[in-house]
Amino acid sequence: MKKYIRPVVFAAACLSFIIIMFLLTKSEEITNRPRNVQISVILSGSRERWRSLERGIYQACGELKIEKPFVAESDELLSQTEQLNSEIAKGANGFIIFPEDSRETSEYLLQTGLNIPAVIIDGSENDSLPANNAEMAAALAESAAESGGKITLLTIGSRREDLRQRADAFSRRARELGAELSTLDIGFDGDIRGEYLAVYFSKGQSETVVALDNDVLEVAAAALPGNSKISLYGFGNSDKVIYALDHGRIKEICFQNEFSLGYSAMIALAEKMGINTKEVPVGSGDSIAYRLISRENMYDLETERLIFPLMP
Amino acid sequence: MKKLFCFALILSLLCACFSSCGGGLLERGSAQKEILIGVSVYDQYDTFIGVLKDEFGKFVYEQRQKSGVNISVLYESASVNQLTQNSQIESFVSAGCDVMCVNLVDRTNATDIIDKAKAAGIPVVFFNRELVPDDLERWDRLYYVGAPAWQSGVIQSEILDELCKKDLRRIDKNGDGVLQYVMLEGEAGHQDAIMRTEGSVSSFAEKGYKLERLEDEIANWTKDQAETKMTQWIADHGGRIELVFSNNDEMALGAITALEKAGIPQENWPVIVGVDGTPTGLAAIKAGKMQGTVFNDAKGQAEAIFALAWSLATAGKPSDSIALDNGKYIRIDYEPVTPENVDKYIAVYSD
Amino acid sequence: MSRIKSFFDKTFKYYRRKSIQFTISLSFTVVAVVCMLVMGALLYRQFADNMRQTIINDNQQLVSQIVLNINNYTTSMRGISDSIYYNVIKNTDLADRNISKEMSLLYEANKNDLISVACFTEDGGLVDAAPTTTQKENIDVRSQDWFVRAMATIENSHFSIPHVQNIFEDSNQRYRWVISLSRMVELTSGGNTSIGVLLVDMNYNGIETIFREMGANSSGYVYLIDRTGQIIYHPKQDLIYSGIYKENNISAVGYSDGIYQENFDGAARSVIVKQTGYTGWRVISVVPTSEFTMSVAQTRILVIAVTGFAIMLIIIMNAFISSRVADPIKKLEQSVRDLEKGNLALNIFIGGPYEIERLGKAIRSTVDRIISLMGDIVKEHEQKRRMEFDALQAQINPHFLYNTLDSIVWMIESERYPEAITMVTALASLFRISLSKGKNIISIGEELKHAQNYLHIQKIRYKNKFSVEINADSEILSCGTIKLIVQPLIENSIYHAMQIMDGDGEIKINGYQKNGGVYIEVRDNGMGMTQEKIASLLEDTSEPAPVDERSGSGIGLKNVHQRIKLYYGQEYGLEIESELDEGTTVRIHLPYARFDEDA
């Protein structure tokens with residue numbers, strides 16, 4: 001028995017040495033190389049509109065040291081499910097989705113049965129993602145109701161969950177505050193018909209009009225005739241909306257901090273995919289989820305920093 | 001037993017060494033079932049570029065339907081910053097693009113991009129903003145798709161020639177037989193700007209007209225700057241301006257806005273010609289505010305860029321059906337647009 | 001306390017009792033391990049410190065580089081502002097002409113770094129601007145920060161923190177982040193001077209590019225703050241503005257140039273601060289301490305691996321060496337153990353290191369000596385037996401017996417009955433003592449009695465040719481002696497000395513005690529013998545003395561001498577003194593030993 005101890009010990013020593021050298025070289029790779037994750041971001045609308053969201057996602061990717069995701073914008077020729085399909089075929093293993101039809105999208109994901117981790121960012125799934133649709137809508141309602149008088153809510157017959165939540169919360173809060181609420185549908189087959197609005201606006205009434213979606217707000221702002229007495233409120237993030245706000249065409253917007261949304265969504269997706277998120281800064285209670293912005297306060301330093309993308 | 005042991009030891013040591021050297025990037029998808037194209041434009045606010053991008057997207061979709069191959073396009077905008085564009089190229093390379101289409105911010109500063117592309121072995125199709133030939137020669141997998149800039153200037157002069165043949169007296173307001181003009185230039189050092197400026201004026205002069213240059217300034221392709229310049233010129237020269245040459249439609253529209261804001265009635269306006277044939281430009285022609293433009297065939301260019309990119313990505317070299325000048329250049333001709341044929345071009349955009 | 005002591009005692013006892021191999025192995029191992037660990041720790045520490053220092057140095061250089069770049073940038077901006085003011089505004093009477101061409105020129109020349117240049121009156125009206133003069137509606141620049149500050153302190157140029165330009169219209173809906181450089185200027189119009197503000201809006205991109213290009217190489221991050229601590233650039237500024245990330249920028253204002261350790265948000269970090277000129281901005285490089293540990297982490301693994309391997313190696317070497325030392329010892333020990341069991345014939349292990357070999361050889365030679373000594377003892381015993389046998393045999397010397405019996409027969413024939421009786425009795429007594437019931441040791445008294453009996457017989461036989469005197473101290477009579485030592489001497493004397501005497505012969509026997517020894521002398525006045533004879537008689541030969549047939553017992557002096565020596569040791573025995581024609585004294589030297597009958 002004793003005879004074998006020496007070679008056994010020697011063998012154990014060499015083995016452990018090899019293992020450690022191996023681990024050494026491997027660890028260098030592990031710490032330096034970004035992990036192989038392929039994330040796809042499916043958005044609704046043009047990419048320009050979502051620039052802050054993208055930056056938030058990219059920032060999170062940088063913090064997590066993973067590859068930047070592929071961003072697919074709304075393709076008039078491909079539906080979102082087709083886009084999802086093609087991305088899955090390409091080997092995507094994580095999704096961030098802003099669905100056009102929330103139910104359809106979540107059904108589709110279940111259908112594929114592939115169990116690919118996905119984060120839906122319209123507020124339908126994950127309540128913790130900033131910002132809470134109901135909260136934002138209620139805040140906007142308070143602002144809109146201040147002027148008293150009639151409020152016209154623009155709708156487009158969309159199947160989006162976030163719009164539904166916003167509409168519900170807005171209506172409820174507005175009614176609580178005693179405002180007179182009516183709706184105007186300007187959607188037609190998924191398109192937003194600015195012409196109807198133009199006609200409506202040209203009647204020259206003085207009232208409050210509210211759009212709950214960025215694209216609707218853009219169309220509304222564009223449809224306003226000069227010297228209109230209409231106070232336009234709504235949800236918006238895009239350049240066009242900001243421009244319109246700056247030029248007095250929009251009275252006030254509820255600006256969702258989409259940078260924060262993108263960032264949090266990416267972190268949430270990373271957690272779902274099993275990536276270690278412990279060392280990454282995560283928003284606490286003080287992080288800014290949304291802001292009510294008007295022409296007066298849009299150039300305040302803090303507000304500026306939110307609404308104007310710093311880096312191109 | 002000891003010998004076997006030592007042998008096993010050495011073997012495992014070698015394995016450990018080699019495994020650390022190995023491990024390349026994982027490839028995105030299998031060989032030919034997927035194509036990734038990287039596109040970087042110099043500025044997302046440039047109208048012409050916007051149209052080009054939309055047309056390109058259409059060709060991508062068409063090809064996707066036709067061949068069943070999954071084509072993905074990574075679009076980036078460099079926001080007029082060459083360094084930003086360089087890092088965008090870098091990200092294309094690391095994403096494993098099969099081909100890159102680059103609209104340079106600074107046409108004199110292509111070295112970085114060429115080096116990166118060459119090192120990664122990814123062919124590049126430059127478009128719309130032309131490199132110096134020396135740079136394009138640095139690698140045999142660099143190409144350029146654009147329009148012959150000189151030609152646009154010549155076409156401008158031809159349009160003017162036609163107009164002058166019809167009604168020179170109305171154009172030469174002060175009747176001195178010399179046409180006083182102002183020139184709105186696109187950008188300092190820009191290929192197209194230089195060519196168009198020179199081309200228009202010298203071709204026009206060749207046709208026997210006498211020209212007097214009142215002003216010639218750079219308005220950086222933008223409407224607002226052109227407006228500012230024009231406002232100043234109106235203040236300085238008033239009605240003496242008989243012709244406005246503009247290197248592009250946007251600046252022409254700026255000149256139009258300046259004229260409108262100055263309150264000058266449209267019949268007293270100088271003749272304005274632009275280049276590009278963007279939807280807004282065409283609308284201005286239709287409205288009679290602009291007298292002509294040179295159609296920059298965005299669709300044709302997009303088609304050419306895509307065809308070249310597609311064959312580079314799939315076959316590694318341009319297919320034989322693509323005609324290349326000097327093996328590198330594709331030049332799509334300009335076409336003149338006047339109030340007579342403007343409808344034809346408006347229709348192109350409503351597809 | 002006592003428990004600790006007893007614990008240590010137990011440990012030491014246990015330790016001491018362990019084998020050599022264990023002890024050597026353990027000691028070497030412990031020493032070597034401790035040394036390796038200490039060395040490893042020191043080296044690692046040294047390396048970590050060096051690494052840290054290198055990282056800090058690198059970052060310091062980086063910071064200096066960045067400061068240089070920022071200084072260049074701000075200097076060139078100030079240069080532009082100066083150019084416009086001193087070369088353009090100051091030299092122009094605005095009533096005569098405008099300055100738009102010059103402003104355009106300066107703008108075009110610097111348009112990579114500039115967004116716009118603009119000159120305003122103190123009422124906020126626009127004098128001129130490049131590249132565009134279209135202002136936004138409802139803008140009052142008088143309320144904007146850059147305007148306020150320029151008017152407040154007229155002697156300086158003011159750099160603002162980054163903000164969005166809110167003056168000019170951009171129909172492309174583009175918004176620009178700028179850093180405003182503003183100063184008060186003197187405007188001349190129609191000969192009258194008034195004050196205004198010259199605004200140079202720098203493209204924020206310029207600052208951002210500097211940091212993006214250079215900051216990418218540092219092992220932490222670098223950021224920029226203004227005099228009041230407001231962030232001008234931070235790689236995570238989006239996160240900070242959204243409230244997701246916090247930075248210690250406010251307290252960084254308090255640091256002057258240098259290197260600091262600080263603790264922020266639960267993490268320790270090294271901070272390098274350097275101020276830029278004129279603007280009062282500070283470039284701050286932050287390296288979290290975890291970066292140091294990460295970069296040394298691999299080395300740590302390496303150091304541990306190498307140390308571990310070395311320790312392994314040392315343990316093996318120790319085991320090997322100590323076994324090389326201890327194995328021979330063990331083998332030797334095993335041999336000795338076998339030896340203890342009484343196996344003398346085995347092979348003692350000779351081998352191992354020099355000392356062990358020596359030991360082995362020594363033990364082997366000792367064993368050999370023992371074997372030979374044992375052999376000697378056996379031989380001695382053999383000799384003794386033989387001599388005794390001889391003596392015993394000799395006692396029954398036929399000649400003496402025949403002669404004595406002859407004498408007795410003659411006496412009986414001569415009807416000298418009393419003499420015959422004496423002779424027979426003496427003979428019997430002689431033989432009785434000779435045999436002495438087989439005992440080897442008898443008392444000196446008995447020995448002398450035996451001598452007397454002999455003399456009795458010989459006197460009768462030799463018809464009183466000599467006289468005999470026996471004197472012995474009473475103390476020695478009860479001492480022990482081997483038998484048959486006096487009689488052969490007397491026999492010797494009678495034969496060699498008395499033959500030639502004619503009634504003058506004297507044989508004196510003296511026994512006394514001296515110096516702890518017992519002496520018995522047999523003195524005669526015979527013819528003596530030569531020294532050579534004496535020497536040859538006492539010669540030490542291994543051969544037992546030949547039986548001298550002529551003498552009565554035939555044993556001879558040699559036999560007696562040898563036997564005494566055999567029994568009692570070399571220092572005892574016979575001493576002969578002789579003078580020719582005078583006489584001979586033969587002295588027996590014995591140790592003083594009380595004779596115990598039962599022994």
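This is a predicted model: local features need pLDDT of at least 70, side-chain atom pairs count only at pLDDT 80 or more; totals for chains, interfaces and linings use all residues.
Residues are numbered from 1 along each chain as its sequence is written, chains are lettered from A in the order in which they are written, and side-chain values use heavy atoms, without hydrogens and water.

Me: Are H2(A) and H10(A) oblique or roughly parallel to each other?
Reply: The axes of H2 (residues 51–64) and H10 (residues 258–272) of chain A come within 6 Å and cross at roughly 40 degrees. Angles under 35 degrees count as roughly parallel, over 145 as roughly antiparallel, 65 to 115 as roughly perpendicular and the rest as oblique. H2(A) and H10(A) are therefore oblique.

Me: How many charged residues does the contact of H2(A) with H10(A) have?
Reply: Contact means heavy atoms within 4.5 Å. Among the residues that meet are A:Arg55 in H2(A) and A:Glu258 in H10(A). By class, the contact of H2(A) with H10(A) has eleven nonpolar residues, four polar ones and, as charged (Asp, Glu, Lys and Arg), three.

Me: What share of the residues of chain B count as buried?
Reply: Chain B has twelve helices and twelve strands. Buried means under 20% relative accessible area, with a 1.4 Å probe and protein chains only. Of the 351 residues of chain B, the buried share is 56%.

Me: Is the crossing of H11(C) and H12(C) left-handed or right-handed?
Reply: The axes of H11 (residues 417–435) and H12 (residues 444–461) of chain C come within 9 Å and cross at roughly 145 degrees. The crossing of H11(C) and H12(C) is left-handed.

Notes: Axes are lines fitted to C-alpha atoms, for helices over the stretch in contact, and angles run from 0 to 180 degrees between N-to-C directions. Helices (H or I, at least four residues) and strands (E, at least two) are DSSP runs, numbered from the N terminus. Buried means under 20% relative accessible area, exposed over 50%, partly exposed in between (1.4 Å probe, protein chains only). A crossing is left-handed if the near helix is turned anticlockwise from the far one by less than a right angle, and right-handed if clockwise.
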